[in-house]
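I opened this entry to look up strands, core and ligand shell. My notes follow in the order I checked them.

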Amino acid sequence: MEYNAYPIFIIYATIIISFILAKLIPLIASMASATPNKPKTKVLKFGSEEDVAVALAKYTADLSEKYIKEKGSFSVVLSGGTLIDTLRKLVEAQYKDSVDWSKWLIFWVDERVVPLDHEDSNYLLASRGFLSKESPEGAADDYEERIKQLVESKIIPISNTSCFPKFDHMLLGMGPDGHVASLFPTRTQRYEKKRWVTFITDSPKPPPPRITFTFPVINSASEIAMVITGAELADATKTVLGGGGDPGSVPLPAAEVSAEGELTWFLDKDAASKL
Ligand SMILES: O=C1O[C@H](COP(=O)(O)O)[C@@H](O)[C@H](O)[C@H]1O
């Protein structure tokens, strides 16, 4: 009987091809998920605002150590509002002495154009002025100019992807209407594509005059923490993270936040209650 090697060849070939595919498919999938410009989003839920504060302090202190080791400084962008209080653990004994504060470069993602000792001032909230004496437009120009100087002196780099300044870490809050920084759902500043810093004179949330980083700058950050606590943010959180919102409706500004590296949402139980 004549020996036919063809079926055996087919079986071997099938086994070898399956083996190669089994190795290649996960590799290709992992390469796709590690594509440099694809932002990674994590959602962390905590039992209480206190737990968010503890986790946020450790996360920020770890990033500070990593960036200072890598590049000698840590550029941190802060929003105002409740976020500042949620950062309180960072100045408790454990981190107060271990974080190299002298290497921190602190920026504001937005500021209300009021005197610095006004209770609405984001700056006052954190530290107790140039903004108070300027028009919102002048203040935005001034802030942008200062950041340009830092870019020229290579203290703040420019993103290779977006060509906007690239900060290491941004800590953002969100309003119940889904606004972030001073980028509100019903105002045009959220669509700004050229400026680094813009201004608003009719903010729906008082005070009306404010200056704010634009989305191209926000979304060029290496890491972003969205820090969301409290039941009044549950609806907006659901709309952004839980696929809420009417089909075809304009997304909330918070839904437009992304990071060049990692975007992490820190939610307490109340904010996550509708997810
Ligand atoms: O007006 C602002 O609102 C958001 C959210 O503030 P919150 O008090 O509701 O936490 C804040 O992130 C932003 O910096 C601020 O100017």
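Which residue of β5 does V76 stand opposite? I looked it up: V76 faces H169 in β5. I note that the model is predicted.

**Strand β2**

I followed β2 on from there. It spans residues 74–78 and pairs with β5 (residues 169–172) through three bridges. The two strands run parallel. I then checked β3, residues 104–108. Five bridges join β3 to β2, again in parallel. In that pairing S75 stands opposite L105.

Is β2 mostly covered or mostly open? I find it mostly covered, with five of its five residues buried. For burial I used a count of 20 or more other C-beta atoms within 10 Å of a residue's own. F74, V76 and L78 are buried on one side. S75 and V77 are buried on the other, so both faces are covered by that count.

**The open sheet**

Next I looked at a three-strand sheet. Its order is β4-β7-β6, it is open, and the pairing is antiparallel.

I took the β4 pairing in detail. Three bridges join β4 to β7 (residues 210–213), and the two run antiparallel. E111 stands opposite I211 in β7. Helix α6, residues 136–152, packs on this sheet. I see α6 touching β6 and β7. Its direction makes about 165° with that of β6.

**The core**

Which residues have the most contacts inside the largest nonpolar core? I get L172, M226 and V227, in a core of 58 residues. I listed the contacts of V227, leaving out residues up to four places away in sequence. V227 touches V52, L56, L83, T86, L171, L172, G173 and F266.

**The ligand**

How many residues surround it? I count 15, and the closest are S79, G80, G81, T82 and G173. G173 is also on the V227 contact list. α3 (82–86) and β4 each supply at least two residues of the shell. By class I find four nonpolar, eight polar and three charged residues around the ligand.

Definitions and conventions
Residues numbered from 1 in each chain as written. Predicted model: local features only at pLDDT ≥ 70, side-chain atom pairs only at ≥ 80, totals over all residues. Pairing = 2+ DSSP bridges. Helix = DSSP H or I, 4+ residues; strand = E, 2+ residues; numbered from the N terminus. Contact = placed C-beta atoms within 7 Å. Axes fitted to C-alpha atoms, helices over the stretch in contact; angles between N-to-C directions. Core = buried A, V, L, I, M, F, W, Y, C linked by C-beta atoms within 7 Å. Buried ≥ 20, exposed ≤ 12 C-beta atoms within 10 Å, placed from the backbone. Near = placed C-beta within 6 Å. Nonpolar A, V, L, I, M, F, W, Y, C, P; charged D, E, K, R; others polar.
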